[in-house]
Amino acid sequence: MPLYICNSGKGTIDDAAKPKIASDITRIHCDVTGAPPQFVHAFFVEDSPAQPLGDKSVLLFGSIRSGRTDAQKAQIIEEMQASIHTHTGLSLEEIGMITADVPASWVLEGGEIMPEPGEEAEWLAKHGQHASAE
Amino acid sequence: MIPCNCVVQEGQIPDDTAAALRASISAFTERTFGAPAEFRWLTVPKRSGFTASAPSTSSVISLRAPRAVSPMEREPLLRELCGVWTEHTKCSLNELVGVISDPVAD
């Protein structure tokens with residue numbers, strides 16, 4: 001966690017663009033929140049009914065830990081939409097994004113309950129194996 | 001039914017393993033919450049999953065409890081749920097994100 005799932009129509013995002021967008025998603029999330037990259041998952045799927053596209057060509061759904069401010073979430077959305085725009089050529093209007101807050105205490109990752117935002121360094125120090133594994 | 005969302009990387013879990021895994025997870029939700037699991041299974045295509053910007057081997061198991069779960073109860077349930085997953089798939093806990101969420105507030 002965070003888990004970013006990017007749903008799009010078939011062929012909308014080619015394989016060359018995915019690692020670039022994933023890298024941007026990771027960087028943006030870490031820059032905005034201060035979280036370490038080890039926690040950031042970015043998955044790309046096509047025509048997934050779980051994240052309906054509606055009138056969009058791409059929908060990025062981010063499950064992020066509770067505690068981020070509205071300003072942080074707005075910045076994440078703005079910058080991630082811009083990344084997808086840059087790497088796909090889609091207009092910003094065709095790119096939707098939603099975030100959902102998930103309490104850290106609801107999540108087990110690396111065999112441990114996730115740390116609250118701001119407590120990651122201590123968590124990672126305790127779980128060095130997890131950090132090096134990713 | 002207990003909504004249960006699973007996200008896996010393509011080719012990571014053979015079909016027969018996935019079937020046995022779903023049966024064990026449903027047995028877990030029956031034991032714990034008194035109802036079977038209703039699965040939404042999402043497979044991430046090859047070259048489409050990334051963790052820390054690198055190709056991912058991570059999976060996600062996320063279920064929504066039918067009642068509020070206390071912190072004292074949630075952690076052991078998460079450990080049991082993730083234990084079911086790693087036992088079937090042989091993946092490590094470092095490759096798994098487990099979530100047990102409370103019901104959506106009205």
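This briefing walks through a two-chain model, from its overall confidence to a single residue. The model is predicted. The predictor gives the complex an ipTM of 0.94 and a pTM of 0.92. Chain A has 134 residues, and chain B has 106 residues. In the contact between the chains, 27 residues of chain B meet 30 residues of chain A.

**Confidence**

- For chain B, the mean pLDDT is 96.
- In chain B, 98% of the residues reach a pLDDT of 70 or more.
- Where pLDDT is low, predicted coordinates should not be read in detail.

**Chain A: the fold**

- Chain A holds four helices and six strands.
- Their order along the sequence is β-α-β-β-α-β-β-β-α-α.
- The C-alpha trace of chain A spans about 45 × 30 × 25 Å along its principal axes.
- A compact globule of 134 residues would have a radius of gyration near 14 Å. Chain A has 15 Å, so its value agrees with that of a compact globule.
- Buried residues account for 38% of chain A.
- Take the contacts in chain A with a separation of 6 or more. Residues 24 or more positions apart account for 72% of them.

**Chain B: the fold**

- Chain B holds two helices and six strands.
- Read along the sequence, the pattern of chain B is β-α-β-β-β-β-α-β.
- Along its principal axes, the C-alpha trace of chain B spans about 35 × 30 × 25 Å.
- For 106 residues, the radius of gyration of a compact globule would be near 13 Å. Chain B has 14 Å, so here too the value agrees with a compact globule.
- Buried residues account for 37% of chain B.
- Now take the contacts in chain B between residues at least 6 apart in sequence. Of these, 77% join residues at least 24 apart.

**Where the chains meet**

- The contact involves 27 residues of chain B and 30 residues of chain A.
- By class, the chain B side has 13 nonpolar, nine polar and five charged residues.
- The chains also pair strand to strand. Strand β2 (residues 41-46) of chain A pairs with β3(B) in the antiparallel sense, over three bridges.
- One bridge can be named: A:Phe43 has B:Gly49 in β3(B) as its partner.

**A closer look at A:Met114**

- A:Met114 sits in a loop of chain A, between β6 (112-113) and α3 (120-126).
- Is A:Met114 buried or exposed? A residue counts as buried if 20 or more other C-beta atoms lie within 10 Å of its own. A:Met114 has 22 within that distance, so A:Met114 is buried.
- Leaving out residues up to four places away in sequence, A:Met114 touches A:Met1, A:Arg65, A:Ala104, A:Val107 and A:Glu109.
- A:Arg65 is one of these contacts. In sequence, A:Met114 and A:Arg65 are 49 residues apart. In space, their C-alpha atoms are 8.9 Å apart.

Definitions and conventions. Residues are numbered from 1 along each chain as its sequence is written. Chains are lettered from A and ligands numbered from 1 in the order in which they are written. This is a predicted model: local features need pLDDT of at least 70, side-chain atom pairs count only at pLDDT 80 or more; totals for chains, interfaces and linings use all residues. pLDDT is the predictor's confidence in each residue, from 0 to 100. A residue is buried if 20 or more other C-beta atoms lie within 10 Å of its own, exposed if 12 or fewer, and partly exposed in between; C-beta atoms are placed from the backbone. Two residues are in contact if their C-beta atoms, placed from the backbone, lie within 7 Å. The radius of gyration is taken over C-alpha atoms; the globule rule is 2.2 Å times the number of residues to the power 0.38. Ala, Val, Leu, Ile, Met, Phe, Trp, Tyr, Cys and Pro count as nonpolar, Asp, Glu, Lys and Arg as charged, and the others, Gly among them, as polar. Two strands pair if DSSP finds at least two bridges between them.
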